[in-house]
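Subject: The model we talked about

Hi,

Here is the structure I promised to pass on. Please have it open while you read, as my notes go through it piece by piece.

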Amino acid sequence: MAMEMEMEMEGFLRECERSGDAAYAALKFVLEKLENPATRSDARVFLARVQQRFHAKDDADRCFRTYHFRIHDVLLHDFQGFQKRKKLTMMVIPSIFIPEDWSFTFYEGINRHPDSIFKDKTVAELGCGNGWISIALAEKWSPLKVYGLDINPRAVKISWINLFLNALDENGCPIYDGEGKTLLDRVEFHESDLLAYCRKNDIQLERIVGCIPQILNPNPDAMSKMITENASEEFLYSLSNYCALQGFVEDQFGLGLIARAVEEGIEVIKPMGIMVFNIGGRPGQGVCKRLFERRGFHITKLWQTKVMQAADTDISALVEIEKNSHHRFEFFMGLVGDQPICARTAWAYVKSGCRISHALSVYSCQLRQPNQVKTIFEFLRNGFREVSSSLDLSFDDDSVADEKIPFLAYLASVLKENSFLPYDPPAGSMRFRSLIAGFMKVYHHIPLSADNVTVFPSRSVAIENALRLFSPRLAIVDEHLTRNLPKQWLTSLEIEGTNDELEDIITVIEAPRQSDLMIELIKKLKPQVVITGMAQFEAITTSAFENLLNTTEELGARLFLDISDHFEISSLPGSNGVLKYLAGKSLPSHATILCGLVKNQVYSDLEVAFVISEDESVYTTLPKTVELLEGHTALFSQYYYGCLFHELLAFQLADRHSPAERVRADRNSAKLIGFASSAVSAVNNAELSITDHKDNLLIHMDVDQSFLPIPSAVKASIFESFARQNMVESETDVRFGIQQLVRNSYGFPCDGSSEFIFANSQLALFNKLIRCCIQEKGTFLFPSGTNGNYVSVAKFMNANILTVPTQSEIGFKLVPDTLASLLGTLTNPWLYLSGPTVNPTGLLYDNKEISEILAVCAEYGARVVIDTCFSGLEFRRDGWEGWNLKNCLSSLTCTTTNSSFAVSLLGGLSFELLTGGLEFGFLILNEPTLIDAFSTLPSLGRPHSTVKYAIKKLLGLRGQRFQQFSRVMDEQKDILRSRSDCLMKTLRSCGWDVVGCCGGVSMVAKPTAYLGKMLKLDDFEAKLDATNFRQAVLKATGLCINSGSWTGIPNYCRLAFALENSEFERALQCITRFKKLVLEN
């Protein structure tokens, strides 16, 4: 028997001596025997005899040189495993990583964790090499399972041999631990690129440890080779020293592979899991720590020491990085050097025959908010990898992390789960208003509903809108709240005026905040509206608020009380006298609560405001002012503050405390001021969006919003804008991008003297232009066939307006002769013109048509506002070559003698850049007196830096004609073309006369076959005409359209078709169903 074993060993050694590849093949044959239970014991005894033959260190080294393998002992002092082993028996071969100071330091760092860290846990080791750390972990801490993973297939095979070497004793008998298990029960080895094996097999881990290469291969092409067990020994060994570029920002420091490992780890780590990584200090400790912190980890440095740089590692790649950047790596001259040297100096020092060292640290990392961080990275993995370089979840203050991380997780979920941003009513999203009402109910015991809450873009907008809605002769406003009110209101002296013609002249008197002084002024001046905050010392109790309520009630004044300074979004909100009052008594009809939300830890000046009223006439009318004057409140601002409220409500048990019965405010106040007549008329006659219909499944063909899929580039830009920290001004400066856009798209001239004004929506900018027209005592002209929202704004502001007739024969476009006949009768005329794409008809003005119109305007000195908001989606361009306004305006400037002529460009980018619900408006003014007039109009909500960052990114992509973005734009134009054809066909087959469109998102059509017909429903019966047609379609089908009163074209309705696919199909079905109800019954 002994002779046979000796002959077997000699044959084995002869085979191994041939080459490294032959030795590996022989060892694989041994592994096959170890894996077979029938031959396992003999194979283990055979390996024991091989080790005995080369037991001495010199013999073991000779074995490695001659036979291309070595079996040796790894000593582990003070080892505390069940068997009290002081050593592990390990095999190595030339093509795998050989344990050295690097890995021993890593193990020392792991040892600094308490014994319980791995007990009964599921663990993965990345870059396991010959498997010694995985085996040591299993032996000492008895984890449930250790997965040793390595990309080198030979390393995995040798690791399995080492597992058998330590799971069986020298006689081939299993070694059992205290639980009756062997190492074979606790450890597995698998070929895996980082965590690919665990991800593929859906293995959730509690611990991840890793000792991963951190130097870029000086030969990048080598890393592109296919990794197989038949690859060269040199290549396979290089996998343990070098890494390839990974596409992460950390690549510049050689840490790209670590960065990828961390992000893959986030996917498979359990919420309370821990990652432990060995990090070389060459890039600097700050860089190493930031790799983890910016991904949302708390980190602890377990251990740090210096180790000699491996002599066979080429650091020339780091020298190249230093050459091309400002970064300097950190090496030391030998182990005793204490002053760092850069990679270039270290490289030269090594070339002189000396050795260098570097710091080596072991970091333990745990996600600070694991579920939310996992959600964020899941979003990034699904097509948004490029955004990860901008992600920064490092925070000095935990309270900042508690706000930002949940919001980013929510934003990621919204962008991932929705192909488009849903329509939300102008009063604010139902979710956000419900959260505000819920917070009031849970934390302040005030039983409000979402209907009681109206959302505004800002506190200043809410104040101005309220004053415009009531148009009081005299208002007293807290001096802290007047900063954004129109200057003329603050300088008017019409306190005693009663002339109805002065209805729009509001006189605002500034007053101190202290309640006794405010009340004194109220009693003396008898205002119709009071808007005030409260001093800090008065806000704690209810008495000051009650005094204000009583005083304003007696005089019949409307009270708007601002609680912004005292409102806390907190689980322990401070004492608030106003909210304390509302917990016991309902809010009187003359009083309204106002609160601006701007105090947050993360995004400075990200504002949204809400108003609370329990008077139905107020809380149903205030939202209409938002829609008329602002359009909508920024959706992402509502998302952010909504997350803050949600975090405080998510853990609360529903209805645990029933709200106390409140005393009803049954007051007999003097006659209150009502809504201004111009406001009432505008609100009643405007076709505003429908939000209170019993059927929640409304189909909105009546809103200026695209519900087509949002491109991934847009989603990435939105997320990145909120993920970034410490933006510099240049990253949010959109002026150049807008300037390039209008020059390239319309040939609009703008230079250093041009004034660029930005806002959250184009409608907000337009209402300021209306104010300029009113100040000039001008008349605003609107062609019939104009977007009804703009006409309604002018009516609400009580401006002088005039409709310019248009004809169906030319698609309701403006004709120069008709325009000239009206301009000749006016002083200070203003003209609104939608183009090149006309909203709502979808027709196009060509360059000749716009030049002729502008020539007429120049002759009569008209101020022209060209609205390009609905342009950029021209899908039928046959014979249409776009605009060149520069040539046109240059010639007019030379020939016109009327100095008041000016052309301003109004724009919005939600259609141009396919941003869906992300709104951004811009206005370009070139005329100095108009610039001066506009500058006197305050209360304009400016886009937040996050919005400008996203817009700048998208403008850059558009300007560079980024292939993917351009392709998506072309696809959406194709969709719109197909939609317009389909809608036109359906309408015509159902008895409508349709005006064909060439661009934009809507068309107009006349329901000719229906006018004069009877429709009888359960809750509707009438002969159909222009006044009831919209309501009839809504009640019969749930389809929302605009009627002729909105389009300005008698009997012609507007239908928007940029709907989600299934919604568009439903809309077509509604049109067909309405035909059956009216024409076929």
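This is a predicted model: local features need pLDDT of at least 70, side-chain atom pairs count only at pLDDT 80 or more; totals for chains, interfaces and linings use all residues.

**The seven-stranded sheet**

Let's begin with an open sheet of seven strands, which has mixed pairing and the order β19-β25-β24-β23-β22-β20-β21. Its edges are formed by β19 (755-759) and β21 (800-804); each has a single partner strand, so one side of each is left without a neighbour in the sheet. On average, neighbouring strands here are turned by 20° against each other, direction ignored.

Helix α28 (residues 735-746) lies across β19, β24 (902-908) and β25, and runs at about 105° to β19.

**Helix α29**

Next is α29, which covers residues 762-775. From its first C-alpha to its last, this 14-residue helix reaches 20 Å, close to the 20 Å expected at 1.5 Å a residue. Is the helix mostly covered or mostly open? It is mostly covered, with 12 of its 14 residues buried. Among the buried residues are Leu-763, Leu-765, Phe-766, Leu-769 and Ile-770, but also Lys-768 and Arg-771. Just after α29, Lys-777 takes a positive phi of about 55°.

**The three-stranded sheet**

There is also an open sheet of three strands, in the order β26-β27-β31 and with antiparallel pairing. The edge strands, β26 (993-995) and β31 (1053-1056), each pair on one side only. Neighbouring strands in this sheet are turned by 35° against each other on average, direction ignored.

Three bridges join β26 to β27 (residues 1002-1006), and these strands run antiparallel. Within β27, Val-1004 is the bridge partner of Val-995. Helix α36 (residues 963-989) lies across β26, β27 and β31, and runs at about 10° to β27.

**Two crossing helices**

How do α37 and α39 meet? The axes of α37 (residues 1029-1037) and α39 (residues 1061-1079) come within 10 Å and cross at roughly 100°. That angle makes α37 roughly perpendicular to α39, because angles of 65 to 115 degrees count as such. From α37, the contact is made by Phe-1029, Ala-1032, Val-1033, Ala-1036 and Thr-1037, and from α39 by Cys-1070, Arg-1073, Phe-1074 and Leu-1077. Sorted by class, the contact holds seven nonpolar, one polar and one charged residues.

**A strand covered on both faces**

Strand β14 (residues 529-532) deserves a look from either side. Val-529 and Ile-531 on one side and Val-530 and Thr-532 on the other are all buried, leaving both faces covered. Three bridges join β12 (residues 474-478) to β14, and the two run parallel. Here Ile-476 stands opposite Val-530. Four bridges join β14 to β15 (residues 558-562), again with the strands running parallel. In β15, Leu-561 is the bridge partner of Thr-532.

**Backbone details**

Where are the cis peptide bonds I noted? One runs from Gly-835 to Pro-836, with omega near 0°, and another from Asn-839 to Pro-840, with omega near 25°. Pro-836 sits in the loop between β22 and α32 (847-860), and Pro-840 is also found in the loop between β22 and α32.

I also noted positive phi values in residues other than glycine. Ser-471, in the loop between α18 (459-470) and β12, has a positive phi of about 40° although it is not a glycine. Ser-471 is buried, with a relative accessible area of 13%. Leu-914, in the loop between β24 and β25, has a phi near 60°. With a relative accessible area of 5%, Leu-914 is buried as well.

Happy browsing, and do write back with any questions.

Best wishes

Methods. Residues are numbered from 1 along each chain as its sequence is written. Side-chain values use heavy atoms; hydrogens and water are left out. Axes are lines fitted to C-alpha atoms, for helices over the stretch in contact, and angles run from 0 to 180 degrees between N-to-C directions. Angles under 35 degrees count as roughly parallel, over 145 as roughly antiparallel, 65 to 115 as roughly perpendicular and the rest as oblique. Contact means heavy atoms within 4.5 Å. Ala, Val, Leu, Ile, Met, Phe, Trp, Tyr, Cys and Pro count as nonpolar, Asp, Glu, Lys and Arg as charged, and the others, Gly among them, as polar. Two strands pair if DSSP finds at least two bridges between them. The expected span of a helix is 1.5 Å times one less than its number of residues. Buried means under 20% relative accessible area, exposed over 50%, partly exposed in between (1.4 Å probe, protein chains only).
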